Amino acid sequence: MKEPERKQWVRAARKEWSRTRSVQIDENAKVILRDDGSGYVQCWIWVDGICRNPRCTNALNDNEGWDGFCGSCADKIEARIMNSESELATLYTID
Ligand SMILES: [Zn+2]
């Protein structure tokens, strides 16, 4: 692919995706054309942050979590804390 054609694909991709603020397309982005006339234009996708649990892939954009944990993990941690508090309460309960 010649440079003017690559730049044309980059401009077309930017025009199509500029409404989505979380996608960036570099001026020197790679372009791969397919046989059917469509193609891929390399881009960057912004991720605000990910959960600090190494086994979790959730983003931190749900505003439900705390201390670097996503809402789902924060809920699990809270449930564990609640359970251990009720276990402690059971231990110290005198019948
Ligand atoms: Zn998580």
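The chain is divided into domain 1 (3-45) and domain 2 (48-95), with bounds that come from an automatic or database domain assignment. This is a predicted model, in which local features need pLDDT of at least 70 and side-chain atom pairs count only at pLDDT 80 or more, while totals for chains, interfaces and linings use all residues. Residues are numbered from 1 along each chain as its sequence is written.

**Overall form**

- The centres of domain 1 and domain 2, taken over C-alpha atoms, are separated by 41 Å.
- Along the principal axes, the C-alpha atoms of the chain fill a box of roughly 85 × 25 × 20 Å.
- The radius of gyration of the chain is 24 Å, whereas a compact globule of 95 residues would have a value near 12 Å; the radius is taken over C-alpha atoms, and the globule rule is 2.2 Å times the number of residues to the power 0.38.
- Of the 95 residues in the chain, 6% are buried. A residue is buried if 20 or more other C-beta atoms lie within 10 Å of its own, exposed if 12 or fewer, and partly exposed in between, with C-beta atoms placed from the backbone.
- Among the contacts in the chain with a separation of 6 or more, 12% are between residues 24 or more positions apart. Two residues are in contact if their C-beta atoms, placed from the backbone, lie within 7 Å.

**Secondary structure and confidence**

- The chain has 2 helices and 4 strands, which follow the pattern α-β-β-β-β-α along the sequence. Helices (H or I, at least four residues) and strands (E, at least two) are DSSP runs, numbered from the N terminus.
- The average pLDDT of the chain is 88, and 91% of the residues score at least 70; pLDDT is the predictor's confidence in each residue, from 0 to 100.
- Confidence is highest in β2, at a mean of 97, and lowest in α2, at 83.

**The two cysteines**

- Cysteine 43 is located in the loop between β3 and β4. Cysteine 43 counts as partly exposed because 16 other C-beta atoms lie within 10 Å.
- Leaving out residues up to four places away in sequence, cysteine 43 touches Val23, Gln24, Ile25 and Ala29.
- Alanine 13 is 30 residues from cysteine 43 along the chain, and their C-alpha atoms are separated by 9.2 Å.
- Cysteine 73 lies in helix α2 and is buried because 20 other C-beta atoms are within 10 Å.
- Apart from neighbours within four places in sequence, cysteine 73 is in contact with Cys51, Asn53, Cys56 and Gly65.

- Aspartate 36 belongs to the loop between β2 (31-33) and β3 (39-41). Aspartate 36 is exposed because it has 6 C-beta neighbours inside 10 Å.
- Aspartate 36 and arginine 6 are 30 residues apart in sequence, and 17 Å separate them in space, C-alpha to C-alpha.
- Aspartate 67 occurs in the loop between β4 (44-45) and α2 (71-91), and is exposed because 8 other C-beta atoms lie within 10 Å.
- The phi angle of aspartate 67 is near 55 degrees, which is a positive value in a residue other than glycine.
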